[in-house]
Amino acid sequence: IKVRLRTEGMVFLECADGRGWVAATEGTGSDGAMVSVKSDRGVWVYQVVCEEDVEVRAGPTYDDDARTGLVLHCGDQITT
């Protein structure tokens with residue numbers, strides 16, 4: 001994760017590999033698509049927890065124009 005940004009009432013994570021942005025939840029629960037699963041001395045791991053694919057966006061927004069066509073699948077992880 002390159003950037004963690006709160007906007008539109010959600011937390012968005014910018015993928016460090018340049019893929020784009022994904023929405024995240026904080027803590028645990030089913031309200032969002034991503035959840036923080038581990039933190040160790042500045043290293044954070046986020047994992048897709050919903051059963052549906054998570055769309056990667058061009059920016060930190062849910063606007064349809066920001067869709068990139070890339071997806072993350074249940075169980076996929078992104079590490080900072």
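Where is the place of V49? V49 sits in the loop between strand 5 and strand 6. The model is predicted, so local features need pLDDT of at least 70 and side-chain atom pairs count only at pLDDT 80 or more, while totals for chains, interfaces and linings use all residues. Residues are numbered from 1 along each chain as its sequence is written, and side-chain values use heavy atoms, with hydrogens and water left out.

**Overall make-up**

- The protein has eight strands and zero helices; both are DSSP runs numbered from the N terminus, helices being H or I of at least four residues and strands E of at least two.
- The order of elements from the N terminus is β-β-β-β-β-β-β-β.
- Of the 80 residues in the protein, 35% are buried (buried means under 20% relative accessible area, exposed over 50%, and partly exposed in between, with a 1.4 Å probe and protein chains only).
- Among contacts in the protein with a separation of 6 or more, 39% are between residues 24 or more positions apart (contact means heavy atoms within 4.5 Å).

- The largest nonpolar core has 11 residues: V11, L13, C15, V22, A24, Y46, V48, V54, V56, L72 and I78 (a core is a set of buried Ala, Val, Leu, Ile, Met, Phe, Trp, Tyr and Cys residues joined through side-chain atoms within 4.5 Å).
- Strand 2 (10-14), strand 3 (21-24), strand 5 (43-48) and strand 6 (54-57) each give two or more residues to this core.
- Strand 3 is covered on both faces, with W21 and A23 buried on one side and V22 and A24 buried on the other.
- Strand 2 and strand 3 run antiparallel and are joined by four bridges (two strands pair if DSSP finds at least two bridges between them).
- F12 stands opposite A23 in strand 3.
- Six residues lie between the strands in the hairpin of strand 2 and strand 3, where G18 takes a positive phi near 85 degrees.

- R57 lies in strand 6 and counts as buried because its relative accessibility is 7%.
- Beyond its neighbours within four places in sequence, R57 is in contact with G20, W21, Y62, D63, D64, A66, R67 and T68.
- A polar atom of the R57 side chain lies 2.9 Å from the backbone oxygen of D63.
- The count of salt bridges is four (a side-chain nitrogen of Lys or Arg within 4 Å of a carboxyl oxygen of Asp or Glu).
- E55 forms a salt bridge with R57, the closest N and O atoms being 3.2 Å apart.
- E55 also forms a salt bridge with R67, with the closest N and O atoms 3.4 Å apart.
- R67 lies in strand 7 (residues 67-72) and E55 in strand 6, so this pair ties together parts that are 12 residues apart in sequence.
- R67 and D64 meet through their side chains in a salt bridge at 3.4 Å, N to O.
- E55 is partly exposed at 32% relative accessible area, R67 is partly exposed at 46%, and D64 is exposed at 55%.
- A network of salt bridges links E55, R57, D64 and R67.

- V49 counts as partly exposed because its relative accessibility is 36%.
- The C-alpha atoms of V49 and H73 are separated by 8.7 Å, and the two residues are 24 apart along the chain.

Notes
Polar contact = N/O pair within 3.5 Å; in protein donor to acceptor, adjacent residues only side chain to side chain.
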